[in-house]
Amino acid sequence: MVGEDAREIMRTAQLEEGAPAYCLLPTAFCSLRRAVEIEMIEKIEREESKTPDYCIVPFGRYLTILAGLCLLAALADAILGSRVSRFVAAQVSLDGELSPTRLLRAHLIFGFSALALLLYAASLKIPRFSFKARAPVWLLIIGIGILLLVWMFDKAEFISEESIIARYTSSALILAGLAALANLFIYSRLYEGEDRFKLQMFWLLAGAAMIWASCDELLMFHERIGAALGQMSHRGSLQDLVTLGYGIGGIVFLALFFNALRREFIKPDRVFYKLMASTAALFLISQAADSFDDLAIRSLRLPETVSGIPLEVIFNTFEEIFEFLGAMMFLGSFTVALLEFKDHMLLRSLVEIAGRKMISERARWRRGWATAAAAMTFMVIFIGVQLYSNASPRQAARATGDRPVSLFLGSRAGLRAPDGMAFDPRFGLCVGDEKGRKVVVFNSAGESRIWLSARDGLKSPEAVAWAPDGGLYVSDDEGCQIFRVSPAGDARVIASERDGLKSPEGIAIDRDGNLFIGDEKASAIFKLAANGKMSVFADATSGLTSPEELEFDREGNLFVTDDIGAKLFKFAPDGRGQIFATSSCGLKTPESIAIDKDGMIFVSDSGQGKIFRFTPDGTASVFAQFGREFRHIEGIAFNERGEMFVARPPYYVFKIGAAPR
């Protein structure tokens with residue numbers, strides 16, 4: 001056809017101009033080029049008429065390809081990522097200790113960068129008019145890009161609720177909620193089908209659920225609900241049960257509207273239901289990882305660490321990843337539902353605009369390879385920036401008086417969540433490992449001995465206290481019990497729920513051998529006399545809200561931290577109490593107490609990463625400030641040389657040296 005058109009153009013031009021053909025070559029060439037362009041456009045239009053502009057790629061093949069790309073990215077990380085990650089983590093080792101958090105972060109950056117490149121390469125093979133087939137792929141690529149930025153520049157423990165990922169997840173859920181409400185508006189004004197009311201209710205409840213989930217990410221509703229349920233049932237926190245309820249609620253929600261959704265969306269030219277199936281799978285995986293991680297580790301007897309990274313950390317990391325990607329997919333699904341309304345009017349317009357710009361396959365692949373090269377350069381820059389951002393010296397904390405700060409216990413010590421601590425020169429430093437369900441004593445050389453464990457009935461050690469005779473007292477929050485371990489190693493329960501305990505936290509022993517127990521749920525301090533008689537020493541009438549840790553000074557005064565009330569209380573031996581310090585002194589979430597040989601009171605603040613120092617008259621100052629990566633500090637204790645030990649979950653115990661003489 002092109003040849004015939006060219007000859008006809010030449011004859012017409014020659015007749016019109018009355019000139020030889022060779023003089024009309026420029027005109028003929030331009031006309032021929034125009035004819036080629038017209039033919040290609042007609043070819044594109046013929047292809048459009050044969051192939052609908054909805055998703056061409058079958059859903060099963062779509063998921064199979066995605067799973068294969070994930071495996072390829074994991075293989076690339078296993079072969080090359082391990083070396084790169086260890087190199088990155090080694091640049092910022094702390095006293096020779098590789099940070100498992102940064103090691104995992106480097107692995108994730110490498111692996112997900114590879115996955116993003118593979119997804120982009122796969123998107124080039126999707127037919128050019130499959131707009132809805134490309135949309136989720138690009139949505140995943142954008143989500144991975146956000147994750148990479150967070151992992152590179154967020155120095156906090158990104159696996160925790162404090163991570164900035166939670167903020168991005170919340171933002172995506174808010175946008176998804178707004179998209180659902182936009183669908184509600186469309187289906188209320190323009191939809192005339194028999195399922196109008198049901199679809200309106202679906203979009204209304206979906207929007208409300210997205211907004212609730214967004215608030216939950218920021219305000220941690222499920223943690224608070226789990227704590228409240230645990231307090232009512234006296235079974236400890238039921239957070240995992242709440243997240244499991246979220247998953248079950250999502251399944252019930254879809255089941256209620258399944259018939260209406262099936263009639264409206266499950267059609268050959270619809271892709272919304274396919275995206276929703278993928279999104280629901282991501283949501284259920286994230287809830288399962290959140291609900292059953294501890295159960296899986298215990299029941300399957302999985303190793304505690306993988307390549308030096310605690311398995312629990314890995315579970316929590318991928319839980320956050322799936323939550324974020326699920327939120328992004330919710331946003332994409334609800335947006336596609338808007339595009340598919342009314343016979344794809346908006347979608348067809350977008351496809352037509354995008355399709356007219358594609359003239360030749362050669363130009364398309366040329367742009368594709370150029371973009372792939374740019375993406376590869378982008379990944380190299382990512383790794384370079386990660387190395388640069390981690391190149392600064394890794395400093396855990398700064399203490400006043402030029403006191404040195406060093407790592408006393410690292411991940412090799414086997415701790416999973418060090419919390420309460422106490423020191424005795426005869427035995428060493430005693431550490432309660434809350435998630436490890438054990439109490440371990442370390443000598444000055446770092447050698448350890450387990451004094452109490454889950455085999456003795458221990459569930460969640462909170463505080464520890466040495467007795468004058470060498471015995472050890474341990475409070476068990478989840479088990480609602482108090483243990484006493486003799487110097488010979490014999491353990492027994494000396495107080496429990498039947499004695500009025502609800503959630504024992506801090507413990508301390510006075511000069512007469514009486515044991516004082518802070519109960520955060522009872523908002524009280526109990527006194528267990530040496531003869532075994534239990535009584536209430538102080539209660540909510542004293543102003544207590546949630547007593548956390550206890551410590552006696554040399555005069556017999558009892559100091560108590562109240563983390564919810566952001567207060568520090570002081571009780572005289574006769575029980576008279578007063579508020580010793582409040583948030584006006586800088587306290588936010590006071591945690592542990594330690595008193596040195598000079599009578600100075602030290603309080604750790606887990607929310608700010610600070611250790612406050614108070615003089616006996618109440619004058620406050622900041623003794624130490626921990627960096628953002630180590631901000632969530634817990635128990636503190638002094639040894640006989642005036643050195644302070646600071647617990648920082650999930651595996652660190654730092655030592656702050658005594659003031660130089």
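Predicted model: local features only at pLDDT ≥ 70, side-chain atom pairs only at ≥ 80, totals over all residues.
Residues are numbered from 1 along each chain as its sequence is written, and side-chain values use heavy atoms, with hydrogens and water left out.

Let's start with the whole chain. Of its 661 residues, 48% count as buried, meaning under 20% relative accessible area with a 1.4 Å probe, protein chains only; exposed is over 50%, and partly exposed lies in between. The secondary structure comes to 13 helices and 27 strands, taken as DSSP runs (helices H or I, at least four residues; strands E, at least two) and numbered from the N terminus.

Now, how many aromatic pairs does a search of the whole structure find? It finds 25. Rings of Phe, Tyr and Trp (its six-membered ring) pair if their centres lie within 6.5 Å; planes under 30 degrees apart count as stacked, over 60 as edge-to-face and the rest as tilted.

Take F423 and F645, please: this pair is stacked, at 6.2 Å centre to centre and 20° between the planes. F423 sits in strand β5 (residues 418-424) and F645 in strand β26 (residues 644-648), so the pair ties together parts 222 residues apart in sequence. F423 is partly exposed, at 24% relative accessible area, whereas F645 is buried, at 4%.

Finally, have a look at the aromatic cluster formed by Y187, Y191, F202, W203, F253, F257, F330 and F334.
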